[in-house]
Amino acid sequence: MNALRFGLAALPRRPLLALAAWSVPEALPSALLGVAVARAVDSGFLAGRPVVGLAWLGVLLLAAGVGAIGARQVFRRLGDVVEPFRDELVRRVVGGALRRAVAGQPDDGAVVRLTRQVEIVRDTYAGLIVVVRGFVVTVVGAAVGLMSVAPVIGLLILPPFVLGVAAFVATLGFAAERQRAAVRTDERLSATAGAVLAGVRDVVARGAEEHAAAMVAGPIREQAAAERALAGTAALRTLCFAVGGWLPLVVVLAAGPWLVRRGLTAGAIMGALTYVLFALQPALSRLMSGLGGSGLRFVVTLDRILTASTVVTASAPRPVAARGYDVVLRGVTFRYGPHAEPVLRDLDLILPEGDHLAIVGPSGIGKSTMASLVCGLLSPASGSILVGGAPAGVMPGTRVLIPQEAYVFAGTVRENLLYLRPGASTVEVEAAVEAVGASTLVDRLGGMEAPVRPDELSAGERQLIALARAYLSPAPLVVLDEATCHLDPAAERVAEEAFAAREGTLIVIAHRVTSAERARRILVLDGVSPDLGTHAALLSRNPLYRELHGLWHPGLIAGASPTPARPSPPVKPSALPGLPALRRAWPSDPADQGQPHAV
Amino acid sequence: MTTASFGAVARRGGRWLPFVAVAALSGTAVTLALPAVLGRAIDAIVAGGGSGTWVALAGGLVALGVAGELLGAYAGTITVATAAAWLRERLVRHVLSAGRGVDAGDLVSRVSANAVDAAQAGPTAVSVATAILPPAGSLVLLTLIDPWLALAFLCGLALVGAVLRAFTRRTAEVVGAYQRAQGRIAARLTEALGGARTIAAAGTTEREERRVLAPLADLRAEGERTWRVLARSSGQAAAAGPLVLVAVLAAGGLALAAGRISAGDLFAAGRYAVIGAGLGGLTGTLAGLARARAALHRVGEVLARPTIQYGPAALPPGPGRLEFRGVAVRSGDATLLDGVDLAVPGGAAVAVVGRSGAGKSVLAAVAARLRDPDEGEVRLDGVPLTDLSHGALRAAVGCAFERPVLIGGTVADAVGLGLARDRVRGAALATHADDFVSRLPLGYDTPLADAPMSGGERQRLGLARAWHAERLLVLDDATSSLDTVTEMQISRTLTADGRGRTRLIVTHRAATASRADLVVWLDAGRVRAVGSHAALCDDPDYRAVFV
């Protein structure tokens, strides 16, 4: 078991030794219990010396006091064992989730893993240590006590007890398998029910209630079957307890007359039964519920954490000294799966240093894929992408990518701005803020040292911060992937012009066609044959580009205009261009609602 | 039965529940009888001769106890599994037939967690009924052996209670601080995961990892505090543990020395002291009962929601004429729609426009019978929607949403929801969803989880899902994330497909309104005007709707 090995390997030696050492005083009460009862009866109460009997009982209280000191220290040491283990798990979960997300595998479960699952493992890990250690301590103590009361009784009691424990341990693997199956069905049920119940409105609108109910009914029944299968393991556990906990008692009673004939006293027999009923049985029952309950939870949950946090990363490419930052794509083909239509097919593109390129096309056609390819976040199925002669992605410092969803973290404004260039001076930072048009925002937030709460910023404000940060970065190659989509057209123009004036290459995945007009060259992606050219050239030769451009500019129905400089007369619906000629069209964004849409 | 009563759930456990009760009762009897029998057996053994009966009796009791345990463990698990499955199926079906107004996350917790807790109703009722017996019986039996024993027992118990009091309060406080530290890490992780693409491009993964993990030291410190608190209370528990037993043994020892009781009685007394101290376990049983009741209440709340009732009628042939007659919809004190009278000619495309909160989506929901009006009625080709059978209504009317929720294993399942594959493909072609679905790793067989989609792509699938509708398509802002040309192409397909379906299109876009045959302008729940877009455009208030 992977999880079990991991848990054992994580046990630190020194705290563990301290734990074992403090277990000795903790074991004192269970070791003395039977002896004290036997002596109190035989040499005290039955011998007509009640004071001696009471004194032996006093010894028990004393032992409980010593045991309490032991127990207290044991739990403090337990923290020394468990806390580092939890730290390790948190590191794994965080590191794994980050690396997966960075590798483009979003992971919705990471936060639940961090808060719920890690805690389950922490609690059950501690619980397991407590239970196993407590069992060993009690059994050793009781065995020593039994032997000192009368070795022959010890020999009668211990074999069935050991047999019961061994039988229980032998069933653990089987029980774990069933438990795991139950957990799996439980998760499948939650996932399916979650998906279906989130879509009740949609199901009802479609009249597919029966279909949806049947989708959930399957997992419900599987889950019930898995739970019923657990009934067998519960019964098996009860049998093991009967052998380990009750059989010793029956054996001692059956052998009673024979023992008495051999000279054993009432106190000795009472002492022996006391060990069975008051020490061994509770220890065994705690072991069973501990291993069977938290032990299985531990293994199952830890397994899940370890699996989910394992990241298969290709070995990081060795940094290669790039010469410059010209971008060269040769014969690039990219598809999201072996059976999928390619998003890009055999694309050639050369961007000399200092170029300004806009990429336009309908949503979902592969514009963001282009950005990821140029930045080395995705690898093409065939062809090569070189930046400064080195494979894209080898030199992260060469380029900066700002995606549509700008990343702003809780920290000060300055910390956020310095993210890509920690050493920048205040003057440089202020210049960058000014350049992209973020001064008003920074002032409103309360200046450079003011704290930023990402969830209190609008999407556009987050984009402004990300833009200032990118402007400030030393990277000569800047890729804006719809990075200004939440800004209004005027603010977008300010930011884009700032980047165009900045030294280096600029690639803009255009959200509005106006972005394209500002670029030196434009790449039109239509899913079939990419077309590269200037605004004027494309307007004259590329019908899709013409349509995109026309869509944005002519029909301004309700007054507002993205490019107030170019008002156009309204166009009546009857004046629609020939639709069948359109293959793909200019995307609009939900954020644009209320903006005019041309007809 | 609309609610889940305790008894109903308990009965649903099926034929195994009586066995749970039998097992619990026999277990109690064994627990109480065994110490006394063991005491007698010890006395008989020590006295020599004649011990056979008592030993055999003890052995028999042990065997009975084990058999009871076996039965109880088995029957309890089966009962709960059966009742939980029954409750879950009912919950899901009920929610589906009740339709709107549900919070999915909350419902999932009711289906997955509360249903199991509620299913415990039968077994917990049994354990509560029997749990009081061993401790109470022990006290009685102690008194019977020697009244002083009972007194010693109660004194010991009082001592233990005094020692263990302050424990839960301290724990709660420390655990709160610990969870806050944990929350700080979780918040940072969430942020960083949201910015994964930026981080990937900047190559700052390690720096982010350090930033997220910065509060880990606090977590460690708070964690260590929890262990110190636990250590203190464990120490107290270990010190207080044997108090009851020692008190009873001391009183019993003196009685033994005085000749009032036998050695066997003393042994039995010690055992009863331990069973009696199990009184603390009773709170756990009662808590279980309280949990089952609370869970039943949560389950019952869902089952008490009214379901949509369908009529028996089929639709006569017709063009898809849609009429609203005096429709009013209220929610609490708020009036969402008021006095809406509308007649939409069959086959027309009607845009519904208005500011946010004007009642557009409510009108759409009423038209698709996702919600019934509080006053008035809606008719399709002359038949009130409420008279239509489930099959007739849903075959005639389809509805697509601004944020469609896609359900199913694969993209094809999500669009089809039980429909044949060729119809799925046809609908996807018509709504231009085929363009991007064919680029997914496994095309139509791509699992939904592996098909990250933009809002516009989801909308196209949502439209495809509603495409089957025969007479009326209600589009509730269902193309808002589409690029304008795709939207136009889809609306062309709608007009040109020859099926002449009536379309009710809620929209924020002037362009969409301008293409419609008729525009219904809603304002504060009332119809402010009906007319062509061009005619309405003269009103500046109307134009302001689109800004």
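The axes of α3(A) and α4(A) cross at roughly 155° and come within 10 Å. The two helices, α3(A) and α4(A), are therefore roughly antiparallel to each other. This is a predicted model. In it, 129 residues of chain B are in contact with 130 residues of chain A.

**Helix pair α3(A) and α4(A)**

- The crossing of α3(A) and α4(A) is right-handed.
- On the α3(A) side, the contact residues are Leu78(A), Val81(A), Val82(A), Phe85(A), Arg86(A), Leu89(A), Val90(A), Val93(A), Val94(A) and Ala97(A).
- On the α4(A) side, they are Ala110(A), Arg113(A), Leu114(A), Val118(A), Val121(A), Arg122(A), Tyr125(A), Ala126(A), Ile129(A) and Val130(A).
- The contact of α3(A) with α4(A) has 17 nonpolar and three charged residues, and no polar ones.

**Helix pair α3(A) and α8(A)**

- Helix α3 of chain A spans residues 50-102, and helix α8 of chain A spans residues 266-309.
- Their axes lie 8 Å apart and pack at an angle of about 40°.
- The helices α3(A) and α8(A) are therefore oblique to each other.
- Helix α3(A) passes α8(A) in a left-handed crossing.
- Leu89(A), Arg92(A), Val93(A) and Gly96(A) of α3(A) meet Ile305(A), Ala308(A) and Ser309(A) of α8(A).
- Four residues of this contact are nonpolar, two are polar and one is charged.
- Leu89(A) and Val93(A) are among the α3(A) residues that meet α8(A), and Leu89(A) and Val93(A) are also among those that meet α4(A).

**Helix pair α4(A) and α8(A)**

- Helix α4 of chain A, residues 110-149, packs with α8(A) at an angle of about 155°, and their axes are 7 Å apart.
- That angle makes α4(A) roughly antiparallel to α8(A).
- The crossing of α4(A) past α8(A) is left-handed.
- The contact of α4(A) with α8(A) has 23 nonpolar, eleven polar and four charged residues.

- The side of chain B that touches chain A draws its largest share, 22 residues, from helix α3 (residues 52-98) of chain B.
- By class, that side of chain B has 71 nonpolar, 34 polar and 24 charged residues.

**Annotated transmembrane regions**

- In chain A, an unreviewed UniProt entry gives the annotation "transmembrane region" for residues 50-71, 125-146, 152-175 and 238-260.
- Residues 152-175 of chain A are 100% helix and 0% strand, with end C-alpha atoms 35 Å apart.
- Residues 238-260 of chain A are 100% helix and 0% strand, and their end C-alpha atoms lie 32 Å apart.
- In chain B, UniProt (unreviewed entry) places the feature "transmembrane region" at residues 16-38, 44-64, 148-167, 237-257 and 269-290.
- Residues 16-38 of chain B are 96% helix and 0% strand, with 32 Å between the end C-alpha atoms.
- Residues 237-257 of chain B are 90% helix and 0% strand, with 31 Å between the end C-alpha atoms.

**Domains**

- Chain B is divided into domain 1 (1-133 + 280-308) and domain 2 (322-544).
- The C-alpha centres of domain 1 and domain 2 of chain B are 50 Å apart.

Notes
Residues numbered from 1 in each chain as written. Chains lettered and ligands numbered in written order. Predicted model: local features only at pLDDT ≥ 70, side-chain atom pairs only at ≥ 80, totals over all residues. Axes fitted to C-alpha atoms, helices over the stretch in contact; angles between N-to-C directions. Helix = DSSP H or I, 4+ residues; strand = E, 2+ residues; numbered from the N terminus. Parallel < 35°, antiparallel > 145°, perpendicular 65-115°, else oblique. Left-handed = near helix turned anticlockwise from the far one by under 90°. Contact = placed C-beta atoms within 7 Å. Nonpolar A, V, L, I, M, F, W, Y, C, P; charged D, E, K, R; others polar. UniProt positions renumbered as here; feature names shortened; annotations may be inferred. Domains from an automatic or database assignment.
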